[in-house]
Amino acid sequence: KTNVMFLKTHKTASSTILNIMFRFAERYNLTVALPAGQLLHLGYPKTFLSHFVEDFQAIGQNYNIMCNHLRFNASEVQKVMAANTFYFSILRNPVHLLESSYVYYKNNVPAFRSSKDVNEYLASPMKYYHLADYKQNIYARNIMWFDFGYDNNAEDNKTYIQAVLKEIEQNFHLILITDYFDESMILLKHTLCWDLDDVIYFKLNSRSQDTFQTLTPESEERIKTWCSLDWKLYLHFNQSFWRRIEETIGLEELEKEVNHLRMRQKELMETCLLDQEAVGKDHIKNKALLPFQSGATNILGYNLKEDLDNRTLRTCQKMVMPELQYMSYLYAVQHP
C-alpha cells in the first residue's frame with residue numbers, strides 16, 4: 001500500500017515512524033503532503049484544514065503520504081488523501097507519556113513551568129493547570145485525545161468515551177502501541193504488505209537517561225485519573241492491538257519476525273554508526289545531523305562512520321536524519 005496517512009501523536013516514538021514514512025516515500029518516489037509555507041506542522045494545534053498542505057490547490061488529491069503533526073479532522077484530511085488511503089496512528093501508555101511530555105515541554109507549558117517536578121505537578125494538577133490557559137496547556141493533559149481531534153478537557157463520561165472510541169475505529173484502520181514498538185512495526189509491515197527494510201529504523205528524538213524523572217507509585221496512579229480519557233483510549237486500543245496480532249500473525253510468528261527485525265537493525269547499526277548507539281547532543285560531530293533540542297531534554301543523535309561508500313552513506317544518512325532536516329530536504333525535492 002502506498003497511500004498512507006499517519007496521525008503523528010506527541011511523545012509516542014512518532015518521529016521514528018515519520019522517518020520510516022519519509023524513507024518509504026523516497027524509495028517508491030511518492031508525494032508527501034508537507035506543511036504549507038515550510039512550517040513544521042500541518043496547522044497544529046489548530047484543527048487540520050486542507051489548505052495547510054503545501055501546493056494543495058495545484059496537487060489536489062494526489063498526495064500519497066501524510067505524516068506531519070496535525071490535529072485530526074477526518075473530512076479535511078479526506079480532501080487531501082485518496083479514497084483508498086490507509087489510516088494509522090500510535091498510542092503510548094499515558095504514564096510514560098506524561099513524564100516524557102513534562103520534561104520535553106517543561107519551558108513551554110504554563111502548567112509544567114510553575115511546578116518543581118512531575119511528581120509535584122501530579123500531586124495537585126489543578127493548582128498548576130488553569131482552564132483559561134488550555135491552549136498553552138494541551139501537552140499537560142490527555143494530549144492523545146486532543147491529537148485525535150477531541151476535547152482534552154471533556155468530562156469522563158462512559159457514553160461519550162464509547163462514542164469517541166467507535167469513531168476512531170471507523171476513521172483508522174490500525175492503531176499501534178509505542179510500548180511494543182517492534183511488534184508494532186511487524187504488524188504495520190504485514191498490514192501494508194511492505195518488506196522488512198521498509199520498517200527498519202534507528203530510534204530518533206529519544207533523550208538521554210539522565211533527563212528522566214522517576215514517578216512515584218502515587219503519581220503513576222494519579223496520571224490514570226488526571227489523563228483518564230487517554231488512559232481509556234490506550235487500554236482500548238492496546239487490547240485491539242494484541243487481538244489483531246493473534247488474528248493475523250500469531251504470537252509465535254511475531255516473535256520470530258521481531259527477532260529478525262532486531263538482527264537487521266543491529267547489522268545496520270554496525271554498518272552505519274561510529275559509536276554503535278545514539279550519543280548526546282554535545283557528542284554529535286556533524287552539526288547537520290543534530291536533532292532539535294527542547295525543554296530540559298538532551299535529545300540524542302548519531303555519528304556515522306567515515307569512509308562509507310556513497311550508496312551506504314545515503315542509506316545511513318537517511319536513517320539518522322532528524323525530522324526538521326529531512327523535511328527541508330523533501331521540500332527542496334518536491335517544491336524546488
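Modeller: Helices and strands here are DSSP runs (H or I over at least four residues for helices, E over at least two for strands), numbered from the N terminus. Keep in mind that this is a predicted model, so local features need pLDDT of at least 70 and side-chain atom pairs count only at pLDDT 80 or more, while totals for chains, interfaces and linings use all residues. Residues are numbered from 1 along each chain as its sequence is written, and side-chain values use heavy atoms, with hydrogens and water left out.

Let's go with strand β1, residues 4–7. Val 4 and Phe 6 sit on one side, Met 5 and Leu 7 on the other, and all are buried, leaving both faces covered. Buried means under 20% relative accessible area, exposed is over 50% and partly exposed is in between (1.4 Å probe, protein chains only).

As for neighbours, strands pair if DSSP finds at least two bridges between them. β1 has two bridges to β2 (residues 65–66), running parallel, and Val 4 faces Ile 65 there. Four bridges tie β1 to β3 (residues 86–91), again parallel; Leu 7 is partnered with Ser 89 in β3.

Most residues other than glycine have a negative phi. Lys 11 counts as buried because its relative accessibility is 13%.
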